[in-house]
Amino acid sequence: PALCGGLLLLAVLRRRAGEANTLTPAVALSAVAGLAIAPLAAYASFVEPYRLVVERAEVPAPQLAAGQTVTVAVLADLQFNRVPAHEHAAVDLALAADPDLIVLPGDLFQGARDQFNAELPEIRELLSRLHAPGGVYIVAGNVDVPERIRRAVAGTSIRFLENEIAEIEVDGMRMAVAGLTDDFTTPAARACLNRLTVHARDRAFALLLSHRPDTVLSLNTDHAVDLLVSGHTHGGQVALPWFGPPITLSQAPRRVCAGGLHRVGGQRIYVSRGVGCERGHAPRIRFNCPPEVSVLTLRSPG
């Protein structure tokens, strides 16, 4: 649109300038500006949305012995309506980290029912590639239909958590992996959180999966967990230099929604910028906010 608008404006201005033999600098500058942002718009539309990067963060885990580590790969917001090479590349990067467990914090598929049915074999082929010693876990996001997730993970090693807790042991460390529904305020979700807190007090590493970063605002000292992993914001998809994302669609602090590891009220949270883009009314662009595969290393604070 920027390129076409700039060219059209220049054509009109050239004709008018020829007729009146005048072209004001301000009007000419507007036309040139439209042409100047065209390469930027093309980059944000066709390059950055597919420029996958690996983001790494270290998370303290007092439950681990000195020198011991546990690796968690995060694939958030795949949000596809078909399965091209981009999604397989994201899986490749996650598996290359040799993770001990893999988590998918929601927004797997965004499309119509007919699209989902047509893509189901390819979706299962993609998801069946995900394996880890400690397991692979997924929760529903705001664009997901839970029944579709159940069908998508059928026959794979992925476990769909709906206000449930998976109790596992990885390299001698006990872990409790809890997954909340997209609406994290329901009685069932709060009950799951209460059970997770019990595990945390019993010295298990408490990992909470909840699609929306807003969940961190509902946690308090009675519901402290070791790590909350979320997605949803896509980092804003557009991040302005020295400002960050203008829009996040979340009540969590903007610095948190931009992505990465943070503390909010003493609670540690990691927000992934995600793999895909919004496929609803928002433009499918990214700028200064590339898609990511996250690799979290749990390590003893010592």
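I take buried to mean under 20% relative accessible area, exposed over 50%, and partly exposed in between, with a 1.4 Å probe and protein chains only. This is a predicted model, in which local features need pLDDT of at least 70 and side-chain atom pairs count only at pLDDT 80 or more, while totals for chains, interfaces and linings use all residues. Residues are numbered from 1 along each chain as its sequence is written, and side-chain values use heavy atoms, with hydrogens and water left out.

**Entry: the chain**

I looked up the burial first: 51% of the 302 residues of the protein chain count as buried. I then noted seven helices and 12 strands. These are DSSP runs numbered from the N terminus, with helices being H or I of at least four residues and strands being E of at least two. For contacts I used heavy atoms within 4.5 Å. Among contacts between residues at least 6 apart in sequence, 71% join residues at least 24 apart.

**Entry: the Phe rings**

I searched the whole structure for aromatic pairs and found two. Rings of Phe, Tyr and Trp (its six-membered ring) pair if their centres lie within 6.5 Å; planes under 30 degrees apart count as stacked, over 60 as edge-to-face and the rest as tilted. Phe 80 and Phe 109 are edge-to-face, at 6.1 Å centre to centre with 80° between the planes. I located Phe 80 in the loop between strand E2 (69-74) and helix H3 (85-96), and Phe 109, 29 residues apart from it, in the loop between strand E3 (101-104) and H4. Phe 80 is buried, with a relative accessible area of 0%. Phe 109 is buried too, with a relative accessible area of 4%. The rings of Phe 109 and Phe 116 have centres 5.4 Å apart and planes at 75°, so this pair is edge-to-face. I also checked Phe 116, which is buried.

**Entry: helix H5**

Which residues of helix H5 are buried? In H5, residues 146-153, I listed Arg 148, Ile 149, Ala 152 and Val 153. Seen down the axis of H5, they fall within an arc of 125°, so they line one face of the helix. The arc is that of the directions from the helix axis to the C-beta atoms. An α-helix has 3.6 residues a turn, so residues three or four places apart point the same way. I looked for the packing partners of the buried residues of H5 and found helix H4 (113-127), strand E4 (136-138) and strand E5 (158-160). Just after H5, I noted that Gly 155 takes a positive phi of about 85°.
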